[in-house]
Amino acid sequence: MKYTRLRCAFGLIALLITFTLSAWSQSLYPPTFSSNLGYNGTNPFQTQQNYSFSRSPSLATDPTGAYPYLYMAYGSTASDDYLYVTWTSDGITWNGKAYTTLNTSYSPAIAFYNGNLWVAWISDGKNGLTKGVLYVDYTNNPSAGFSASPIAVLNSFDNPYIPSSSPTLAVYNNQLWIASVDSDDNIITWGTTDGSSFVSASACQGNANDPSGNKPRLDAQVGMAVFNGRMYYAYQTNAQTVRVCATNGGVSDATYSSAGGTSTGGGVSATVYDGHLTFTFKDNTSGNHPVIVGTTDGVNYTGETAAFSMNGNNEITPGTAVYNNHFYVVMTAPAANHKQWTAVGY
């Protein structure tokens, strides 16, 4: 009898261990934003540096680990219209530097490529640059500023490219890709390996090819992320739906889908978290809640609408990135002061 009871006890312990391991192995998706992940019991929380965004922040981490922090670029609301690049090791304390001026009707974008931090932005016409033109530059020391002079993105006719939306940067096929919406409602993507010559890089243009006949919204930021060997675009259409396009970079290779039937009131950011291709955007309600949706197959989506709100003006887009295994959402506060708010999920 004693042996039987002991054997049963071991069986129960084994069952509990199995259950515990199974629970721990379950997906973290979608991320949750509990108060203990924030700052002083608050999540989201306002950054103490009192940064304020004219529109939307852009986040990036270095996949090689050579640049160890979470990096962010944004356009200031101050009268100087500066483009700032900032970084943090804990998501709470940020340091940064003003790089140049930019058109604050648009947001900058950042990404890591070939050992450098790259920045793309639309000029305000100051510092010897041409107003409205898309520029790129890079640095191997973010605290020191750009390593070269800003480079204008030229189209196939060697004319400066003037976009109608904020740019997005991503790395694919050993190229730095730069995407934005042009004045003809097309998503235009330029690829570069050196920052000085640019070639058309994608079939995901989204205008005549949209299955529902919808066009990309002119002033809404496009999200880009690489997933399962393909580049995925997610963008707001003129019907305020979220359209997704995937490509391998071929001229005629583009497949379109919908991000779970969701509706948006702003641009889209994209990243990969917990094995899910993840899109984040502002919902199309007066609550202005961030919506986080993800997919493991590019077709079926799961996600959530966050309980907190963000700023609802001017097609503002939340910035997202994965840092220290946490899902970061950086956004403009739901207030006129446009202060930085950070939400940390897991």
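1. In this predicted model, the largest pocket holds about 750 Å³ of space. Its lining is made up of 34 residues, and those closest to the pocket centre are Leu59, Ala60, Leu169, Ala270 and Thr271.

2. Several strands give two or more residues to the lining of the largest pocket: strand 2 (58-60), strand 6, strand 10 (168-172), strand 14 (223-227), strand 17 (255-273) and strand 21 (319-323). Sorted by class, the lining has 23 nonpolar residues, 10 polar residues and 1 charged residue.

3. In general, the strands of a sheet pair through backbone hydrogen bonds, in a parallel or antiparallel way.

4. As for the whole chain, its secondary structure amounts to 1 helix and 23 strands. Of the 346 residues, 53% are buried. Among contacts between residues at least 6 apart in sequence, 49% join residues at least 24 apart.

5. The C-alpha trace spans about 90 × 45 × 40 Å along its principal axes. The radius of gyration of the chain is 21 Å, which agrees with a compact globule, because a globule of 346 residues would have a value near 20 Å.

Notes:
Residues are numbered from 1 along each chain as its sequence is written. This is a predicted model: local features need pLDDT of at least 70, side-chain atom pairs count only at pLDDT 80 or more; totals for chains, interfaces and linings use all residues. Side-chain values use heavy atoms; hydrogens and water are left out. On a 1 Å grid over the protein atoms alone, a cavity is a set of points where a 1.4 Å probe fits but cannot get out, and a pocket is an open set with protein on both sides within 12 Å along at least five of seven lines; lining residues have an atom within 4 Å of a point. Grid points are joined across faces, edges and corners, and a volume is the space filled by probe spheres set on the points. Helices (H or I, at least four residues) and strands (E, at least two) are DSSP runs, numbered from the N terminus. Ala, Val, Leu, Ile, Met, Phe, Trp, Tyr, Cys and Pro count as nonpolar, Asp, Glu, Lys and Arg as charged, and the others, Gly among them, as polar. The radius of gyration is taken over C-alpha atoms; the globule rule is 2.2 Å times the number of residues to the power 0.38. Buried means under 20% relative accessible area, exposed over 50%, partly exposed in between (1.4 Å probe, protein chains only). Contact means heavy atoms within 4.5 Å.
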